[in-house]
Amino acid sequence: LNAISKTIISNAIDTSYAFVQKNKALLDSRLKAGFFRDCHGDLHSKNIFLLPYPQPFDCIEFNDDFRQIDVLNEIAFLCMDLDAFGREDLSDLFLTSYNNLFSSMKTEDDRKLFVYYKSYRSNIRAKVNSLRARNANDDEQRIAALKEADKYLHLMDVYMKELKI
């Protein structure tokens, strides 16, 4: 890790801890209100076929804990993925459409929780790509995976700065 990545990770740890501590009541109220559900768990653009209608596939079946999550966490993954591809327009459209069908983000605190979940999901993508780099068969694959990891780390940093406690 370079110094910039170490700083991003350190700041993310501090911000994440502060955010969760500050928002325990929000998380508890969302759980009691039924926003935690059995979801797909791995809803990103590579797990959706675009047939006549979008068809998600490859949900997390092997671990209920990974799948039984807040619906904002579920949709945050796809929105973060679209953001990472530079398609904030599609991310915003999906979020608005979803929220119109199932009002899951009603307050500013809910919006911040959504941003928190996007940072969490970008962190996961950074870790996945770091593991890919470590297991790469050649330098080209390793460099490509590290570049992706760096992209997601910087995206996580953008989200975390929006949450700064």
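These notebook entries record what I looked up in a predicted model.

**Entry 1: helix 1 and helix 7**

I began with helix 1, which spans residues 3-22, and its packing against helix 7, residues 139-163. I found that the two axes come within 9 Å and cross at roughly 40 degrees. Helix 1 is therefore oblique to helix 7; the class called roughly parallel is kept for angles under 35 degrees. I noted the crossing of helix 1 and helix 7 as left-handed. From helix 1, I listed Ile4, Ser5, Ile8, Ile9, Ala12, Thr15, Ser16 and Phe19 as the residues making the contact. On the side of helix 7, the partners are Asp150, Leu153, His154, Met156, Asp157, Met160 and Leu163.

**Entry 2: helix 1 and helix 6**

I then turned to helix 6, residues 108-134. Its axis and that of helix 1 are 12 Å apart, and the packing angle is about 145 degrees. I recorded a left-handed crossing for helix 1 and helix 6. Which residues meet here? Ser16, Phe19 and Val20 of helix 1 touch Lys112, Leu113 and Tyr116 of helix 6. By class, I have 4 nonpolar residues, 1 polar and 1 charged in this contact. I note that Ser16 and Phe19 are listed in the contact with helix 6 and also in the contact with helix 7.

**Entry 3: helix 4 and helix 6**

I next examined helix 4, residues 71-84, against helix 6. Their axes come within 8 Å, with a crossing angle of roughly 65 degrees. Is the crossing of helix 4 and helix 6 left-handed or right-handed? I recorded it as right-handed. Helix 4 contributes Leu72, Asn73, Ile75, Ala76, Phe77, Cys79, Met80 and Asp83. Helix 6 meets these with Asp110, Leu113, Phe114, Tyr117, Lys118, Tyr120, Arg121, Ser122 and Arg125. The class count for this contact is 10 nonpolar, 2 polar and 5 charged. I also marked Leu113 of helix 6, which is listed in this contact and in the contact with helix 1.

**Entry 4: the largest pocket**

I looked up the largest pocket and noted a volume of about 430 Å³. Of the 20 residues lining this pocket, Ile9, Asn123, Ala126, Leu153 and Met156 are the closest to its centre. Helix 1, helix 6 and helix 7 are the elements that each give two or more residues to the lining. Which element gives the most to the lining? I found that helix 6 does, with 7 residues. The lining comprises 12 nonpolar, 6 polar and 2 charged residues. I cross-checked Ile9, Leu153 and Met156 and found them also listed in the contact of helix 1 with helix 7.

**Entry 5: a backbone angle**

Lastly, I checked Asp58, in the loop between strand 3 (54-56) and helix 3 (64-67). Phi of Asp58 is near 60 degrees, and I recorded this as a positive value in a residue other than glycine.

Terms used: Residues numbered from 1 in each chain as written. Predicted model: local features only at pLDDT ≥ 70, side-chain atom pairs only at ≥ 80, totals over all residues. Heavy atoms only, no water. Axes fitted to C-alpha atoms, helices over the stretch in contact; angles between N-to-C directions. Helix = DSSP H or I, 4+ residues; strand = E, 2+ residues; numbered from the N terminus. Left-handed = near helix turned anticlockwise from the far one by under 90°. Contact = heavy atoms within 4.5 Å. Nonpolar A, V, L, I, M, F, W, Y, C, P; charged D, E, K, R; others polar. Parallel < 35°, antiparallel > 145°, perpendicular 65-115°, else oblique. 1 Å grid on protein atoms, 1.4 Å probe; cavity = no way out; pocket = protein on both sides within 12 Å on 5 of 7 lines; lining within 4 Å. Points joined across faces, edges and corners; volume = space filled by probe spheres on them.
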